[in-house]
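Student: I would like to learn how to read side-chain contacts and strands. Please show me the sequence and the structure, and then we can go through them.

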Amino acid sequence: MNMQSDFSAVPPPGCPAHGSGMRVPLYGTEFAADPGAYYTYMRSYGPTAPVELSPGVDATLVTDYSAALQLLQNPDTFRKDSRRWREYNEGKVTRDNPVVPLLEYRPNCMFTDGAEHMRLRQAVTDSLARVDAHRLSRHVERVADYLMDQFLARGSADLLNDYAKLLPLFVFNELFGCPAEIGDRVIFGISGIFDGVNAEKANEVLGQSVAELVALKRKQPGDDVTSWLMEHHAQLNDGEMVHQLVLLLGAGAEPQRNLIANALLLLLSDERYTGAGLLVEDALDDVLWNSPPMSNYAPHYPVTDVDFAGTRLRAGDLVLVSIAAANTDPALSASRQQLSKRAHLAWSAGPHACPAKDTAQLIGVVAIEKLLNKLPDIELAVPESSLTWRPGPFNRGLTALPARFTPIRTDKQPVAQQQIPTGGHRTHAQNKQEKGGLWSSFLSWWRT
């Protein structure tokens, strides 16, 4: 997604805001197909723009880089606790709205402020800091080998659904110490929530499976992030443990899959990368600047009525940062070459900046390098223009990424497609009888 330096105040084709004074919609296929045109139009409002995240959910979107930094670094004026969300509290936004699950309050380090935020965040950052980079790299390589073995002999693959989507889920199961049966349901839960497939049931399964993981680690701690989080001097109770783990698993999986897939698309389609000279790290930085996995997020709420960047905001208004628009702010065009590679806002900024950015970067680099080294002649199987993007206000993610390559014989045969367990109450005998899901299949493959 490349933004133009000059822009017109004409809404994109199909935008309901055209000449009506309506809010700019950040949903639907039109926005997903060309968000850059929408960001260009929204800049005509100034540093912020009135948007609609889904029917009936209004928000103010910050599109200016400087204004975004000001908001993210000012916790005295803007808070993260969504219990302040006025229109939700007034009943104007109902809980069954599809965007609410990513906005409603949860007692984790993303949706808390002040001392409580610091306590929860310190537990998370200290636990993640114990992850050994070499061990993590080896595990990413193992998972990559397993996933590639499922399609090497075919000579074709959907690099999103066969690789980029599954790899983070498998890696996080290992990092958090999930045994086979719990790990299968974690994968079902996260996949269902973000893919919108039986999302209510998926959310229930994810919560149940993580609660089981917490109970297991209380009895049998291990060398994993869950156990380290439990051992932390912050002394998280079981409820706090569950909420931090759901945040880390869910908030890690979705952006990571988009980061890997969007970088692979760039590497396979952009002539700057199809030649020699630029590295995988350069492609990841390019994506984080120009097509960030989380394109519009970082929800905040003003503590009081306030004038911000030329806009009057009421206490409790929902304010989001357009990471994609801020990163491509025309005002940055002259200075971006001099800015640090990490000056983009893809990891957010301020007290709520992503605590796992180094881990995410490492997973992305190893996953992509492993694939490209194994399949040096891989190429897109369809024209880039035919690819489609998932609709929604928050993410920048493909629906599929078809690729082809010279088939490769492998010693280990592909695992038959397994059904992911749907969770619920089951007996020990039933668990024994099940063939298992994707995580179980990986563990079985690795032991052979």
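Tutor: Start with accessibility: a residue is buried under 20% relative accessible area, exposed over 50%, and partly exposed in between (1.4 Å probe, protein chains only). By that scale Arg83 is exposed, at 51%. This is a predicted model, where local features need pLDDT of at least 70, side-chain atom pairs count only at pLDDT 80 or more, and totals for chains, interfaces and linings use all residues. Residues are numbered from 1 along each chain as its sequence is written, and side-chain values use heavy atoms, with hydrogens and water left out.

Student: Which residue forms a salt bridge with Arg83?

Tutor: A salt bridge is a side-chain nitrogen of Lys or Arg within 4 Å of a carboxyl oxygen of Asp or Glu. Here the partner of Arg83 is Asp81, with 2.8 Å between the closest N and O atoms. Asp81 counts as buried because its relative accessibility is 13%. By this rule there are 23 salt bridges.

Student: How far apart are the closest N and O atoms of Glu104 and Arg106?

Tutor: They are 3.9 Å apart, and the two residues form a salt bridge. Glu104 is buried at 13%, while Arg106 is partly exposed at 21%.

Student: Which residue does Arg119 bridge to?

Tutor: Arg119 forms a salt bridge with Glu240, and the closest N and O atoms are 2.3 Å apart. This pair links distant parts of the chain, 121 residues apart: Arg119 belongs to helix H5 (residues 114–128) and Glu240 to helix H12 (residues 238–269). Helices (H or I, at least four residues) and strands (E, at least two) are DSSP runs, numbered from the N terminus. Arg119 is partly exposed at 25%, and Glu240 is buried at 14%. Bridges can also share partners, and in that way Arg86, Glu90, Lys92 and Asp317 are joined into one network.

Student: Which strands pair with S9?

Tutor: Two strands pair if DSSP finds at least two bridges between them. Strand S3 (residues 57–62) pairs with S9 in the parallel sense over three bridges, and Leu61 stands opposite Leu320. Strand S6 (residues 296–302) pairs with S9 in the antiparallel sense over three bridges; there His300 has Val319 as its bridge partner.

Student: How many aromatic pairs does the structure hold?

Tutor: Rings of Phe, Tyr and Trp (its six-membered ring) pair if their centres lie within 6.5 Å; planes under 30 degrees apart count as stacked, over 60 as edge-to-face and the rest as tilted. The structure holds nine such pairs. One of them, Phe78 with Phe308, is edge-to-face, at 5.1 Å centre to centre and 75° between the planes. Phe78 in strand S4 (residues 78–79) and Phe308 in strand S7 (residues 306–308) are 230 residues apart. Both Phe78 and Phe308 are buried. Elsewhere, Phe31, Tyr38 and Tyr39 form one aromatic cluster.
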